Amino acid sequence: MFKDKNKGIESLDDLVKIDFADKRNDDIESGDKKSCMHLIKNTYIRQFILFCLILIVYMLSFKNVVVSGSSMFPTLKDGDFLIVNKISYVFGEAERGDIVVFPHNDVYYIKRVVAIEGDNVKITGGKLYVNGKPEKAEYFPSEVLTAGEINIDVKKGKVFVLGDNRGNSLDSRYFGTVDKDILVGEVILRIYPFSSFGGVK
């Protein structure tokens, strides 16, 4: 038996107890640090997995395209950065007025659907008629003429497309109707230029 006046230790048992207590405290602190690091690691892993899932969904559902040329002027301009919804026509059908993206001769085109399967398309005297009704000039100035002389019925599974810039557009007047199956999707949003950010119609 002895007594340490400085530390107030009464016996060897007290020394052992203090030693075990110190070790236990160290173990608790070490465990807390490991638990905290494990939590942080799991959080980063979950965030990374979530980011990958969002990226995969985006890539499967949307496509980025940049307008090249003036065939869709004034609706779209050269250099516009667009978002295309690739699932638009997985669950639905192309409609008149849709702006669509599709491949032709290894080049992607951006045009507007003006007629769908079953429609009659007639171009004469610089004007477009769909099912006998003249087109309303909603997408371009009324003085713009639609060149060509055409009178056709759009077959099943096809669409008839034109550029809004009727005087400078390579479209269905030249390469015929487009298979609905090859439509990449519908243009839904303009990202750039920022001054024109918003939906596209």
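1. Let's begin with the chain as a whole. Of the 201 residues in the protein chain, 30% are buried. Please keep in mind that this is a predicted model. The accessible surface of the protein chain is about 13,400 Å², and carbon and sulfur atoms contribute 58% of that area. Among contacts with a separation of 6 or more, 55% link residues 24 or more positions apart.

2. Next, the secondary structure. The protein chain has two helices and twelve strands.

3. How much of S4 is covered? Seven of the ten residues in this strand, which spans 107–116, are buried, and S4 is thus described as mostly covered. S4 pairs with strand S3 (residues 99–104) through six bridges in the antiparallel sense, and Val101 has Ile110 in S4 as its bridge partner.

4. Now to an open sheet of four strands. What is the order of its strands? Reading across, the order is S7-S6-S5-S8, and the pairing is antiparallel. Strand S7 (133–134) and strand S8 (150–153) are the edge strands, each pairing on one side only. Further in, strand S5 (residues 120–124) and strand S6 (residues 127–130) run antiparallel and are joined by four bridges. Val121 stands opposite Val130 in S6.

5. Finally, I would draw your eye to Asp80, which sits in the loop between strand S1 (62–66) and strand S2 (81–85). Is Asp80 buried or exposed? Asp80 counts as buried because its relative accessible area is 3%, and the cut-off for that label is under 20%.

6. Which partners does the side chain of Asp80 have? A polar atom of this side chain lies 2.9 Å from the backbone nitrogen of Lys77, and the side chains of Asp80 and Arg190 are joined by a polar contact of 2.8 Å. Beyond its neighbours within four places in sequence, Asp80 is in contact with Val65, Val66, Val67, Arg190, Tyr192 and Pro193.

Note on methods:
Residues are numbered from 1 along each chain as its sequence is written. This is a predicted model: local features need pLDDT of at least 70, side-chain atom pairs count only at pLDDT 80 or more; totals for chains, interfaces and linings use all residues. Side-chain values use heavy atoms; hydrogens and water are left out. Two strands pair if DSSP finds at least two bridges between them. Buried means under 20% relative accessible area, exposed over 50%, partly exposed in between (1.4 Å probe, protein chains only). Contact means heavy atoms within 4.5 Å. Accessible areas come from the Shrake-Rupley method with a 1.4 Å probe; for residues, only the protein chains shown count as cover. A polar contact is a pair of N or O atoms within 3.5 Å; within protein, one must be able to donate a hydrogen and the other to accept it, and residues adjacent in sequence count only if both atoms are side-chain atoms.
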